[in-house]
Amino acid sequence: MPDSSAIDHGAVTTAGDAHAEHPSYQRHHFETVEQQADASAFAMWLFLLTEVMFFGGLFTAYLIYRNWYYPAFVSASHQLNVVWGTLNTVVLILSSFTMAMGVWCAETRRRRGLVLCLTLTMTLGLVFLGIKTVEYKEKIEKHHVPGQHYSLQSFLDPAHDEAALAAGDKPLALDMARHTEIYFSLYFAMTGMHALHMIIGIGILAFMIFRARAGAYTGGHVTFVENFGFYWHFVDLVWIYLFALLYLISRHQ
Amino acid sequence: MSEETKHTHQIVGPKVYVIILFALLIGTALTVWASFIELGPWNPVIALAIATGKAVLVVLFFMQVKYSSKLTKLTVGAGIFTLLALISMTLSDYISRAWGRW
Amino acid sequence: MNYLTKENGLLSWLLTGDHKRIAILYLISITFFFFIGGALAGLIRLELLTPQSDLMATDTYNKVFTMHGVIMIFLFLVPSVPATLGNFFIPMMLGAKDLALPRINLLSWYLYVLGGILVIYTMVSGGVDTGWTFTTPLSTHYVNTNVLSTGMAVFIAGFSSIFTGLNFIVTIHKMRAPGMTWFRMPLFVWAHYAASILMVLGTPVLAIAVVLLALERTIGIGVFDPVKGGDPLLFQHLFWFYSHPAVYIMILPGMGVISEVISTFSRKRVFGYTAVAFSSVAIAVFGFFVWAHHMFIMGISNYAVLVFSLLTMLVAVPSAIKIFNWTFTLYKGSITFETPMLYAFGFMGLFTIGGMTGVFLGTSGTDIHLTETYFIVAHFHFVMVGGMLMAFLAGIHFWWPKMTGRMYPEKISQMAAVVTFIGFNLTFFPQFILGTLGMPRRYAAYPPEFQILNVFSTAGATILGVGYLLPVLYLVWSLKYGEIAGDNPWQATGLEWQTQSPPLTENFTELPIMDHEAYDYEWLENQKTKEVASAG
């Protein structure tokens with residue numbers, strides 16, 4: 001095992017002779033373009049690892065409280081709108097698809113295709129945030145935002161709450177009803193953190209569209225688009241779990 | 001070491017992406033449908049199983065891990081391993097604090 | 001021409017991408033915070049000179065020890081060796097021109113500075129008194145001090161650390177020179193690789209814990225609030241999931257320094273190279289499974305105590321492997337006693353004591369008696385100050401000629417090493433006794449019968465302070481008046497010694513090729529003979 005990588009790096013040494021032919025985007029401390037592309041892709045993956053662990057803390061908290069306060073979590077989850085949630089899942093999956101297509105366009109040097117794909121991705125991202133805003137607004141109106149103004153009304157008296165009535169919720173005991181606040185804390189922390197990632201992503205997308213129109217990514221240097229693609233798919237991936245855990249706990253009850 | 005410095009990059013075509021897109025959409029429909037059916041303790045299991053299935057598709061194809069170097073695969077594995085360490089070791093406390101409340 | 005003289009002016013430093021310059025920036029800022037933290041430690045020891053709380057009010061005392069902890073851990077120990085020596089020498093040891101991500105490296109320093117500024121802001125605007133662990137519900141419900149700005153500082157400094165670790169991992173995987181296989185890398189690099197894994201995977205969990213803490217404190221989201229059904233212990237789980245591995249983030253790079261120093265000054269290849277390399281990785285992996293031993297008395301389940309106690313014992317194994325292998329490296333070596341070696345000896349002795357008492361604390365039975373007493377204070381200061389700080393100083397002296405091109409004055413620095421060792425033991429050994437006698441930590445006042453040991457401890461701290469000030473003085477002096485060092489004053493084998501001192505901006509004039517094993521002193525001799533022959 002120890003000596004095999006000497007062969008792997010063979011490419012690196014020979015490339016040293018071809019110094020004059022470096023493409024302009026190769027940074028001076030790399031020996032070859034491949035080394036540069038590999039290094040930045042690997043760095044992106046490591047960054048995503050930190051994201052996994054960042055959301056991991058939230059998922060751990062969710063698991064614990066869901067098991068402790070199951071009835072509260074069920075009733076509280078009924079306050080979310082499955083239609084909006086499903087729609088947003090579809091929107092995000094579509095945006096992931098357009099992003100993947102964007103990467104393909106960059107790799108195959110299709111400038112207009114790339115601009116189109118990135119624009120679509122950004123639009124879908126904005127649609128997602130729009131729907132999220134509608135959902136948040138509903139929560140604010142019903143005083144389901146944790147904190148001083150949190151209201152237990154929907155859970156103590158489900159007969160007068162549309163969403164709870166539709167789900168056929170029974171009134172919760174006061175003690176259990178109070179734990180719905182934990183659900184909404186986690187709901188806002190998780191979806192809020194996710195939305196923050198979306199907003200950052202959309203900002204970067206706007207920058208990329210601007211650059212892509214000038215042909216920045218269709219000249220063979222696709223690392224940036226690829227790395228952003230990893231990020232965007234990861235955000236999609238987090239949502240896939242959030243959707244299952246927050247919206248679909250138990251619609252049947 | 002088995003790390004490749006040469007670029008093992010493989011371009012994945014639109015055909016694969018379209019197939020994955022439909023698989024993901026079907027998975028979404030499936031998981032929503034399943035959540036409305038009474039399956040007792042199996043509801044969350046199925047929801048998580050479908051979510052994981054979708055996540056695997058995203059990671060393998062959209063994120064191209066299927067076509068990537070061993071190092072990338074190892075990185076993904078390390079992430080899952082540490083995430084499971086965090087969850088399982090924390091839960092080991094909570095589960096055993098009061099047996100049966102879980 | 002070298003990396004220091006290539007460009008001039010403040011901007012050429014503040015906008016640099018050169019890992020060596022960033023290392024110097026880090027060295028200066030870290031030293032600054034070390035002395036702030038040290039001054040706070042001095043205040044703590046002065047207060048504890050007498051049994052009454054007379055120098056400062058108890059509230060102030062709480063703030064002083066909290067700020068001491070926050071600064072020393074997040075702004076000194078975590079970045080100390082990696083961000084300075086690691087930053088400077090990992091690319092050179094691998095035969096690379098720079099770290100893989102120079103701009104991220106610079107960003108990491110700016111984040112560090114931002115975190116540092118926030119900590120200073122916290123201090124001048126009233127401080128924080130929760131202890132560096134921010135234990136809930138104290139930090140969320142019961143204190144009115146600057147928990148938020150400290151939390152933000154920790155969050156930001158955490159990202160600085162993540163970026164450093166990420167950069168190291170990518171560099172070690174992708175930037176090795178031809179022939180530099182994994183098992184030809186210096187053990188310093190292996191140690192940093194293991195520590196970087198912990199930085200990348202552990203720090204985000206601290207970040208989310210701090211975010212939730214801030215949300216709890218500002219809007220009362222309830223996840224850590226028992227009144228609303230939250231569990232304050234969950235914060236500790238998340239916090240220690242990072243902060244236990246963090247002690248390995250702190251100590252592993254130090255262990256890397258010791259491997260280099262011991263080998264160089266006994267002229268022998270490190271005994272059991274592979275075992276030492278893998279023991280670093282083993283510490284990193286085991287490190288993720290033992291965190292709850294900080295919570296034995298906090299009310300976690302008895303079964304969890306049992307499991308975590310058992311797992312904690314596992315970490316002792318790779319640590320012991322290192323100590324044994326260094327000892328065997330010394331066996332029949334041609335040992336010389338230059339300053340770095342003196343510090344390395346200090347490390348081996350003090351770290352062993354610190355590590356062994358860690359086993360007492362990992363055993364739940366004794367831990368319940370000893371935790372939250374001065375025993376635990378002594379334990380982690382033996383590991384962190386006796387271990388890590390000794391390693392840091394060993395490394396600084398060892399590589400000073402390479403970084404600056406000048407030798408430090410040998411006699412006075414040997415004296416400083418001895419003074420540090422004596423001062424350290426006088427400061428912290430009495431605290432083991434105080435702990436077993438039952439003196440609790442984090443109190444400004446104590447029963448009069450503990451005074452004599454506390455007086456010893458404060459006296460030791462004074463000596464220790466002198467021991468730390470001396471290197472600053474003579475190292476700065478040596479910048480101008482030190483002897484010219486030459487390329488390889490220690491006759492060490494690492495690639496970093498095979499180039500000029502101070503190094504060029506891109507480290508090597510031509511791409512080095514690694515054609516020998518690490519610590520191969522015979523190869524070095526052959527090189528010299530060849531050079532002499534070609535010169536003749």
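Chain B holds three helices and zero strands. Read along the sequence, its pattern is α-α-α. The model is a predicted one. Of the 102 residues in chain B, 33% are buried. Among contacts in chain B with a separation of 6 or more, 50% join residues 24 or more positions apart.

Chain B touches chain A. Here 46 residues of chain A are in contact with 44 residues of chain B. On the chain A side, the elements that give two or more residues are helix 1 (4-8), helix 2 (10-15), helix 3 (33-68), helix 5 (82-107) and helix 11 (223-247). Helix 3 of chain A gives the most, with 16 residues. By class, this side of chain A has 26 nonpolar, 14 polar and six charged residues.

Chain B also touches chain C. In this case 12 residues of chain B are in contact with 14 residues of chain C. The chain B side has five nonpolar, four polar and three charged residues.

Return to helix 5 of chain A, one of the elements that touch chain B. Its 26 residues should span 38 Å at 1.5 Å a residue, and its end C-alpha atoms are 37 Å apart, which agrees. Is this helix enclosed or open? Of its 26 residues, 19 are buried, so helix 5 of chain A is largely enclosed by the rest of the structure. Just after helix 5 of chain A comes A:Arg109, with a positive phi of about 60°.

Now to chain C, and a loop. C:Gly220 lies between helix 8 (187-219) and helix 9 (232-266) of chain C. Why does C:Gly220 count as buried? The cut-off is 20 or more other C-beta atoms within 10 Å. C:Gly220 has 21 C-beta neighbours inside 10 Å, so it counts as buried. Leaving aside neighbours within four places in sequence, C:Gly220 is in contact with A:Pro146, A:Gly147 and C:Asp225. C:Thr140 is 80 residues away from C:Gly220 along the chain, yet their C-alpha atoms are separated by 8.4 Å.

Further along chain C, two helices pack together. Helix 14 (residues 374-404) and helix 15 (residues 410-437) of chain C meet at an angle of about 170°, with axes 7 Å apart. Because of that angle, helix 14 of chain C is roughly antiparallel to helix 15 of chain C. Their crossing is left-handed. On the helix 14 side of chain C, the residues in contact include C:Tyr374, C:Phe375, C:His381, C:Phe382, C:Val385 and C:His397. Among their partners in helix 15 of chain C are C:Ser413, C:Phe424, C:Phe428, C:Gln431 and C:Phe432. By class, the contact has 11 nonpolar, seven polar and no charged residues.

Helix 16 (residues 451-481) of chain C follows. It has 31 residues and reaches 45 Å from its first C-alpha to its last, close to the 45 Å expected at 1.5 Å a residue. Which residues of helix 16 of chain C are buried? They include C:Asn454, C:Ser457, C:Thr458, C:Gly460, C:Ala461, C:Leu464 and C:Gly465. An α-helix has 3.6 residues a turn, so residues three or four places apart point the same way. What covers the buried residues of helix 16 of chain C? The cover includes helix 2 (19-47), helix 14 and helix 15 of chain C.

Key: Residues numbered from 1 in each chain as written. Chains lettered and ligands numbered in written order. Predicted model: local features only at pLDDT ≥ 70, side-chain atom pairs only at ≥ 80, totals over all residues. Axes fitted to C-alpha atoms, helices over the stretch in contact; angles between N-to-C directions. Helix = DSSP H or I, 4+ residues; strand = E, 2+ residues; numbered from the N terminus. Parallel < 35°, antiparallel > 145°, perpendicular 65-115°, else oblique. Left-handed = near helix turned anticlockwise from the far one by under 90°. Contact = placed C-beta atoms within 7 Å. Nonpolar A, V, L, I, M, F, W, Y, C, P; charged D, E, K, R; others polar. Expected span 1.5 Å × (residues − 1). Buried ≥ 20, exposed ≤ 12 C-beta atoms within 10 Å, placed from the backbone.
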